[in-house]
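Here is a friendly walk through one protein model, meant to be read with the structure open beside you.

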Amino acid sequence: MNVFLNWFLIFIVMSFMGWLMETIGFTIINKKFTARGFLIGPYCPVYGVGSICMMFFLKRYLDDPITLFLMAIILTSFVEYIASLLMEKIYGARWWDYSQRKFNLNGRVCLGNSICFGFLGLLLLYVMEPFLLTILAKMPTMFLLLLSLFLLIIFITDIIISSNIVFKIKNSTILTRRDNTEEISKKVRLTLSKNLVLIKRIINAFPKFKLLDNNISITSFKVALDKLEIENKQKKLKHKKNKLLLKTKLKEKELKNKHKELKRKKF
C-alpha cells in the first residue's frame, strides 16, 4: 500500500511544483500574478503524470544521464501530447498551441519545452524522488492514507467544479451565437456573472484557449467578460450608493423624530 500512497503523494507534490514553476514564469512574463493550470487548486496534473511515468519507466537509465535525458524528453513530450489530445476531446477546446514555435508537433508539443522537461526529468530522478521518498518513509502509514484520501477528495472535487466552469463557458458562447434574443442574453449574462472569477481565472491561465465547435477564441470572449465585469462593478457601486443614501435618510428621519420628541417634552 505504501508504494501507491507514495506515488500519489509524489504526483500531488510534482503537480504543485509544475504549477509553481509555470505560475512564476507567466507572472514574470505578464508582469502580474497569473495562476496557471486548468484546475482551481495550485497544481498542474500533467506534471504529476509525467513525473510518475518517468519514475516507472526511466529508472533503468539512472547509470546513463545522457540516455536518461533523451528518454525523459521523449516520454514527457508523449505525455504532453496525449494530455492536449484528451483535453481537446473531453472539453472540445484547445488549451495551448505551440504552432508559432519552431520544431513543434501539431502545436501540441515543441522542442524547447521538451528539452526543459528533459532537464526536469534529471532533477526528478536524481534529486526530488530520493528526497521525497526519504521524507515519506518516516511518516506512519495511517497518516499517509488519511492525507492521500483528503487530497484525493479535494482533487476530484476540483476536477468536477473546473469542468463545470469550462462547459458553462462553452454553452454560453454557443447560446450567444445561436440566439441573440434578450431572454437568452439575460441567461448567458446571469451564468457568466455568477462564475465570473473562475471563468476569468481560466482565461488568464490559458490565453490561447479556443473552443473548437464554434471557433471562438478566448480573446474575443474576454472582451465580453471585461464589459460584464465593469457592469457588475458599476452595479455594486450603485447599490452601495443607494444603501448609503437610504442610511442617511433613515438617520435624518431619526434625528427629526428625536427633535420632535424633545419639542413635545419641552412643551
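## The largest pocket

In this predicted model, five helices each supply at least two residues of the lining of the largest pocket: α1 (2-30), α2 (45-57), α3 (65-91), α4 (111-137) and α5 (141-178). The pocket has a volume of about 1,400 Å³. Its lining is made up of 48 residues, and these divide into 35 nonpolar, 7 polar and 6 charged.

Which residues lie nearest the centre of the largest pocket? They are E22, C44, V46, Y47 and F117. One of them, E22, is worth a click. E22 sits in helix α1 and has a relative accessible area of 18%. Buried means under 20%, so E22 counts as buried. Setting aside neighbours within four places in sequence, E22 is in contact with R36 and with Y47, and Y47 is itself among the residues nearest the pocket centre.

## A serine in helix α4

Now turn to S114, which lies in helix α4. Is S114 buried or exposed? With a relative accessible area of 4%, S114 is buried.

The side chain of S114 reaches back to the backbone oxygen of C110, at 3.0 Å. When residues up to four places away in sequence are not counted, S114 touches I73, T76 and S77.

## Aromatic rings

A pair of aromatic rings is described by the distance of the centres and the angle of the planes. The count for this model comes to 13 aromatic pairs. One of these is the pair of F38 and Y91, with 5.1 Å from centre to centre and 45° between the planes, which makes the pair tilted. F38 belongs to the loop between α1 and α2 while Y91 belongs to helix α3, so this pair ties together parts that are 53 residues apart in sequence. Both F38 and Y91 are buried.

Y91 has a further ring partner in W95. Why is the pair of Y91 and W95 edge-to-face? The ring centres are 5.9 Å apart and the planes stand at 80°; planes over 60 degrees apart count as edge-to-face, so the pair gets that label. Y91 is buried at a relative accessible area of 7%, and W95 is buried at 2%. If you colour the rings in your viewer, pick out F38, Y91, W95, F167 and F206, which form one aromatic cluster.

How many cavities of 30 Å³ or more does a search of the whole structure find? The search finds 1. The largest cavity has a volume of about 40 Å³, and the residues lining it are F38, I40, S162, I165, L198, R201 and I202.

By type, the lining of the largest cavity divides into 5 nonpolar residues, 1 polar and 1 charged. Helices α5 and α7 (196-205) each supply at least two residues of this lining. The most comes from α7, which gives 3 residues. Helix α5 also contributes at least two residues to the lining of the largest pocket.

K31 has a positive phi of about 60°, although it is not a glycine. K31 is placed in the loop between α1 and α2, which is also the loop that holds F38. At 78% relative accessibility, K31 counts as exposed, whereas F38 is buried.

N106 also has a positive phi, of about 55°, and is not a glycine either. N106 is found in the loop between β2 (104-105) and β3 (109-110).

## The whole chain

To finish, step back to the overall fold. The protein chain has 8 helices and 5 strands. Followed along the sequence, they give the pattern α-α-α-β-β-β-α-α-α-α-β-β-α.

The chain has 267 residues, and 38% of them count as buried. Where contacts join residues at least 6 apart in sequence, 70% are between residues at least 24 apart.

How values were computed. Residues numbered from 1 in each chain as written. Heavy atoms only, no water. 1 Å grid on protein atoms, 1.4 Å probe; cavity = no way out; pocket = protein on both sides within 12 Å on 5 of 7 lines; lining within 4 Å. Points joined across faces, edges and corners; volume = space filled by probe spheres on them. Helix = DSSP H or I, 4+ residues; strand = E, 2+ residues; numbered from the N terminus. Nonpolar A, V, L, I, M, F, W, Y, C, P; charged D, E, K, R; others polar. Buried < 20%, exposed > 50% of the residue type's maximum accessible area, 1.4 Å probe, protein only. Polar contact = N/O pair within 3.5 Å; in protein donor to acceptor, adjacent residues only side chain to side chain. Contact = heavy atoms within 4.5 Å. Phe/Tyr/Trp six-rings, centres within 6.5 Å; stacked < 30°, edge-to-face > 60°.
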